[in-house]
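The sequence and structure come first, followed by the notes.

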Amino acid sequence: MAKRITPSQAVAAGRARTALLVAAGLTLLLFLVPFGRFVAWPLMLLSTFVHEMGHGIAGVLVGGEFDSFRMWANGSGLARVGGYSGALARAAVSAGGLVGPAVVAAVFFTLGRRPRLARLSLDAFGAFCLVAMVVVVRNPFGWVFVGLLGALCL
């Protein structure tokens, strides 16, 4: 049996869709206007963080060890993962960097529809950042960025 959508749910879904399209458009415009790259810099760093964490978490899920994470101000990053073997495990760790950001975005979009769940997800992500900062981050810029991100989310 199909679930019926109430008018208020339809309005909320329309607003969410509009917000997503506006955010995507503004992100693209940031790279076309003067100083836009400066404004987009934190978003680039966030994407680097989630990308590299995707590699690391995928490594742990296939039985490996997430040894370290490093990131730099230019937006580059490095996740060192070891202790796993096999072609399928290597493929999963490689794919984790691409799949990780999509999974995180999907979770935040899903949970962000309800204020209480949105707050809980930000708290959880902030706590994750602070734990990651202590456990796997291994360079000063990474400590500062991940620590500030975690504190901001909390």
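Predicted model: local features only at pLDDT ≥ 70, side-chain atom pairs only at ≥ 80, totals over all residues.

Which residues does N139 touch, not counting residues up to four places away in sequence? They are F69, R70, M71 and W72.

**N139**
- N139 sits in the loop between α4 (115-135) and α5.
- Its relative accessibility is 7%, so N139 counts as buried, the cut-off being under 20%.
- A polar atom of the N139 side chain lies 2.6 Å from the backbone oxygen of M71, and M71 is also among the residues that N139 touches.

**Helices α2 and α5**
- Helix α2 spans residues 36-61 and helix α5 spans residues 140-153.
- Their axes come within 11 Å and cross at roughly 100°, which means that α2 is roughly perpendicular to α5.
- On the α2 side, the contact is made by W41, P42, L45, L46 and F49.
- On the α5 side, these meet F141, F145, V146 and L149.
- By class, the contact of α2 with α5 has nine nonpolar residues, no polar residues and no charged residues.

**A40**
- A40 lies in helix α2.
- With a relative accessible area of 4%, A40 is buried, because buried means under 20%.
- Leaving aside neighbours within four places in sequence, A40 is in contact with L30 and F31.
- A40 and V146 are 106 residues apart in sequence, and their C-alpha atoms are 17 Å apart in space.
- V146 belongs to the α5 side of the helix contact.

Conventions:
Residues numbered from 1 in each chain as written. Heavy atoms only, no water. Axes fitted to C-alpha atoms, helices over the stretch in contact; angles between N-to-C directions. Helix = DSSP H or I, 4+ residues; strand = E, 2+ residues; numbered from the N terminus. Parallel < 35°, antiparallel > 145°, perpendicular 65-115°, else oblique. Contact = heavy atoms within 4.5 Å. Nonpolar A, V, L, I, M, F, W, Y, C, P; charged D, E, K, R; others polar. Buried < 20%, exposed > 50% of the residue type's maximum accessible area, 1.4 Å probe, protein only. Polar contact = N/O pair within 3.5 Å; in protein donor to acceptor, adjacent residues only side chain to side chain.
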